[in-house]
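Please keep the structure open while reading.

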Amino acid sequence: MYQEAVEKAVAHYRDLLLSQIDRAEKMNNVPAPAKKEKTVIGVVGGDGIGPIITAQAQRALEALLADEIKAGTIELRTIEGLTIENRLAVGKAVPDDVLAEIKACDVLLKGPTTTPSGGEQLESANVALRRELDLYANVRPVCVPEEGIDWMFFRENTEGEYTLGSKGIEIPGLLTMDFKVTTVAGTRRIARAAFEFARKNGKTHVAIVTKSNIMKKTDGMFSILCREIAAEYPEIQADEYFIDIMSANLLKANMRSQLQVFVMPNLYGDIITDEAAQIQGGVGTAGSANIGDTCAMFEAIHGSAPRMIARGMGDYANPESILRAAVMLLQHIGMPDKAAKLTAAIETANRTAPITGTREGASCAQFGDAVIAAL
Ligand code: NAD
């Protein structure tokens with residue numbers, strides 16, 4: 001009865017498998033980045049509150065990097081067109097001309113982008129960019145000093161449920177299937193990134209977070225490969241946790257201060273880092289880095305907040321998240337002093353122009369003014 005649909009699905013699955021074999025093989029042949037005279041920082045506003053908050057981070061970078069911009073060693077390049085209207089019009093997660101401009105940059109500061117859910121098959125711009133630029137490590141710090149929390153999350157960023165998220169199979173009226181992909185090279189490189197970070201920063205513990213008791217092939221291999229990499233770092237204790245209990249552990253006072261570095265597949269990382277950000281004070285306070293071997297993209301961890309825009313509250317969005325992303329960008333391009341200066345200015349602005357999410361608190365632009373004043 002379903003023969004035609006099954007045959008179509010099997011052919012589709014075969015194409016997917018071949019495309020993933022191709023991707024996995026290419027991962028072993030990534031060229032080393034060329035040394036450049038000038039660092040180009042692309043600034044992409046995105047949708048909803050994206051352009052509003054990104055404008056404040058751009059102001060801060062312009063102020064901090066004024067000398068380098070004047071000397072021509074850094075360029076801040078505004079990239080237009082990564083909007084939901086434009087993406088829907090051309091039917092592409094990232095329009096070709098925008099992607100070409102993005103690829104010409106060394107690093108990116110990106111505002112959140114809207115992804116239509118369900119029926120409309122437009123892929124997430126973020127997922128597409130992470131794949132196109134091979135930004136395999138999603139790195140998210142969460143810090144609550146008064147509670148002894150100093151966490152660093154390493155979320156695998158290009159595989160898992162996301163790589164084929166819009167390419168599932170449907171037998172209409174009966175069932176749907178999506179796919180999860182884990183590669184050997186993809187797992188090794190995220191595990192290495194986490195353990196290298198731990199070693200370089202004097203951390204003594206890495207939590208490997210999976211659901212390998214259920215997802216036996218994909219998470220099972222993720223777990224085995226992380227343990228293999230862990231064996232090369234004997235000074236670091238590596239423990240495996242399942243994602244469900246780890247979500248609970250983050251809320252347990254005596255447990256959470258023991259945790260330091262986390263490494264995990266894509267979907268678990270997506271979910272648990274929002275939980276962690278909430279512990280820090282909300283998704284509006286957290287930045288994140290998407291790092292690859294040749295390019296890196298820095299962004300807020302939250303989305304485009306369409307409901308905030310619909311309520312006319314967009315101008316009161318908190319830009320702290322994207323400012324924290326700008327801090328990570330400065331660290332990444334080798335400017336730790338400027339990164340520290342921006343962190344201090346954000347903390348000052350939190351005292352002098354606190355955002356409350358209401359019209360009684362500071363607006364996004366007023367928070368930005370306070371950051372500039374503190375710089
Ligand atoms: P969201 O993160 O946009 O909003 C969740 C909640 O947090 C809302 O109540 C919102 O008002 C609040 N919020 C978010 N950022 C804030 C800020 N800076 N200041 C104050 N409050 C803030 O999540 P959502 O509603 O699930 O997603 C909206 C859209 O964003 C969807 O299309 C989704 O796909 C997309 N999204 C994009 C990214 C990205 O580009 N990196 C990440 C997540 C979601």
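Leu 174 lies in the loop between β6 (169–171) and β7. This is a predicted model. Leu 174 has a relative accessible area of 49%, so it counts as partly exposed, the class between 20% and 50%.

**Nonpolar surface patch**
- Leu 174 is one of the residues in a nonpolar patch on the surface.
- At least two patch residues come from α1, and at least two from β7.

**Aromatic pairs**
- The structure contains 6 aromatic pairs.
- In one of them, Tyr 13 and Phe 179 have ring centres 5.5 Å apart. Their planes meet at 45°, so the pair is tilted, the class between 30 and 60 degrees.
- Tyr 13 is partly exposed, at 41% relative accessible area. Phe 179 is buried, because its relative accessibility is 13% and the cut-off is under 20%.
- Trp 151, Phe 153 and Phe 262 form a cluster linked by ring pairs.

**Charge over a ring**
- Arg 155 places its charged end over the ring of Tyr 162. The distance to the ring centre is 5.4 Å.

Conventions
Residues are numbered from 1 along each chain as its sequence is written. This is a predicted model: local features need pLDDT of at least 70, side-chain atom pairs count only at pLDDT 80 or more; totals for chains, interfaces and linings use all residues. Side-chain values use heavy atoms; hydrogens and water are left out. Rings of Phe, Tyr and Trp (its six-membered ring) pair if their centres lie within 6.5 Å; planes under 30 degrees apart count as stacked, over 60 as edge-to-face and the rest as tilted. Buried means under 20% relative accessible area, exposed over 50%, partly exposed in between (1.4 Å probe, protein chains only). A charge sits over a ring if NZ of Lys or CZ of Arg is within 6 Å of the ring centre and within 35 degrees of the ring normal. Patches are made of residues with over 30% relative accessible area and no salt bridge: like charges are joined within 9 Å, nonpolar side chains (Val, Leu, Ile, Met, Phe, Trp, Tyr) within 5 Å. Accessible areas come from the Shrake-Rupley method with a 1.4 Å probe; for residues, only the protein chains shown count as cover. A salt bridge is a side-chain nitrogen of Lys or Arg within 4 Å of a carboxyl oxygen of Asp or Glu. Helices (H or I, at least four residues) and strands (E, at least two) are DSSP runs, numbered from the N terminus.
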